Amino acid sequence: MILFKNCSIADVKNGRFIDRDILIEGEKIKEVSNNIDILDENIEIIDIKNNKVFPGFIDGHSHIGMWTLNYNGNDANECIQPMTPSLRAIDGLNPQDRAFESAYKAGITTIMICPGSGNVIGGQAAIIKSCGKTIEEKLMKFPAALKVALGENPKNVYSELKMSPSSRMSTASLLREKFEKAKLYLEEKEQGKLVEYDMDLEAIIPVMKKEIPLKIHSHRSDDTITGINIAKEFGLKATLDHCTEGYLIIDKLKEVNFPIMVGPLFSFRTKDEVKNATYENPIELIRNGLNISVVSDHPFSNCEYLPIYVGLLVKYGMDYFDAIKTITINPAMALGIDNRVGSIESGKDGDLVIFDGDPLEISTKTLLTMINGRIVYRANK
Amino acid sequence: MLLLKNGKIFTMTSNRVIYGDILIEGGKIKEISNNISNVEAKTIDLKNSIVMPGLIDAHSSLGLIENGVGFPGNDLNEKADNMTPQLRVEDGINILDKSFEEAVKNGITSTLICPGSEQVIGGQCSVFKTYGKSIDEMNYKNFAALQINLGDKVKSSNQNKIEMPMSRMGIAYIIRNLFKEGTEYIKRNNNISYKDYNVKYESLKSVLLKKIPVIFSADKVEDILTAINIGEEFGLNIILQSCTEGYLIVEELRKRNIPVLLGPYLTDYSNLELVNRSCKTPCTLSKSGILTCIVTNHPDVPIDLLTINGGIAVKEGMDYGEALKSITINPAKVLGISDKVGSISEGKDADIVVFNGDPLKVRTRTLLTIINGQIVYEG
């Protein structure tokens, strides 16, 4: 057991700091309350001296460990055919990529890793913790989402190969066709009719059953709407990732209320579909009451600086605790893991991070990171 | 005339903070002192906000690659030819690109604009002010440096061709070869007939005569040493950009007084050339007396994040004052424009930025950007 005394805890649900002690038992937070004192030699007591304690940060869209900028470093895209739902992000993951160490040192403890956006259906995403030497140690939830990409990327990849999709029409059509097949496949399976095992369609079943969401990559507002419409037609759950032009279609977004994952914010606008990228987009969306997460899209922006991107949103007008929510409770809810992470409450995973100041400021140093009740990083005194 | 009252002035000429007023006339700083009064001047009370000289990003490709366009807006690299010292950035810059506005909003008033990193000799870099109505008005110092790139990016951009260079040896060879031929060409003085006129050698003249420095972009120790060797063989003034592994050979840099343009530090560093990147490098090099600048290398990170890179250097141990110098007076010195910009001094260009707090903090906002005495942004 570990007892953290005198914590100034970020209560992300209520948007305030509260002074409490935190008791960790095994992998979980056992208790959060005033003045916990236990007379037991075996308990490790750490005095936090009123430093700030945050729930471990969550990066809801990343290719960490799957995609490095090395020669041959991309294991996130299998661009040989546009529909690859049975591919699994965890099979492309190097769990010992050194970016993980930078991530947990910066307080990022939970990450959704997903295939890239070169294919219309890229494959299955997973949720991992940033500590651990093997995939088994890291893994939190799999499958956790099905990655779907709209807009420029699949079209660019396959028009060069003289294949479909070479237009947005074809991307949408391929998706509808595949989902229609998956729907029929599932119906026949449930009716007990003998079906020929289809690995790709099997991978789509959890989406059809609404067990996991579609993770829809889109930048331009018309692409986001295409994604929303397809999800609605099949009655699916979805998150809208990037959603760079979301501020242009706020009514549509409010109507469906899908969680939105904005980012990366730190990179140059390299292509046409991101030309309207601004810091104001997530600020405007969160003002409208939507569930907004800020994501790194590592390696396209370095995930260790995720809190700094969020700090920039505060600079440009986002409420401080709204900003904190975009990397804690909001992504936890969006990814369906808010029963385990995203806030410091008893019963949740022992994922917390202690800073010597405001984590959204560059000069702030991490004092301690705990994941699954284990201290994985501690600054030298 | 413009009068800025009650500033907390970081002049960058000394570590001393001055509380006082600045009078601007004809685009220049006319006077800095306590209690200036001038009835004719437009007066702004800064209420003790922090005043700094306009920030300088000593290595960017601002406007050479446009936001949200892709290939049609990308004029960084003339990939068909590996050696193009004759190319000028001003012929490829779109001054209407959004990033100029974002630079101004974040207090960056000058930048050295350089060709990209995929050719061996990319071309001629020039210093630009970030605000103006025409390229000529903004062009502040033409051909301020020659851009040369070493290492993996050059190698890999050449892999689809069957020609030199395919290796680091090839890169060094073709640079030496061109410089040797250029040296011979110059010896012939002006006795060049139209048949022998060579635009590349003509462009190398001022470099070989040491009038203009060469910026070598190099990350790994081996590439940094190649740059130093070539520089010494031809008696060049060299500047090292990126210089990722420079902290491993500090003494080599220090004893030769080679200035460095470091950064950016916000990118992913999984690239093999960057695996040894340390955010402590600005601290280590500046402490040993090396003239140190911090740069964004826009579009590697967008130019508006220059101060955040400075903040990271401070977090990792760099002296606060040195970090501010690395984005003001140090780049002015390296680029040979310190007589005109880089500090708040009487007689210099009125390039001034006012912040509502510590300039290296994430949430600090720009209140005012002034370029050549003109208010170009008000927050």
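**Exercises on the interface of chain A and chain B**

The contact (heavy atoms within 4.5 Å) takes 35 residues from chain A and 37 residues from chain B. This is a predicted model, in which local features need pLDDT of at least 70, side-chain atom pairs count only at pLDDT 80 or more, and totals for chains, interfaces and linings use all residues. Residues are numbered from 1 along each chain as its sequence is written, and side-chain values use heavy atoms, without hydrogens and water.

**Exercise 1.** Count the salt bridges between chain A and chain B, then describe the side of chain A that touches chain B.

Solution. A salt bridge needs a side-chain nitrogen of Lys or Arg within 4 Å of a carboxyl oxygen of Asp or Glu. The count is two salt bridges. A:Arg269 forms a salt bridge with B:Glu102, with the closest N and O atoms 2.7 Å apart. Next, sort the side of chain A that touches chain B by class (Ala, Val, Leu, Ile, Met, Phe, Trp, Tyr, Cys and Pro are nonpolar; Asp, Glu, Lys and Arg charged; the others, Gly among them, polar): 13 nonpolar, twelve polar and ten charged residues.

Conventions: Chains are lettered from A and ligands numbered from 1 in the order in which they are written.
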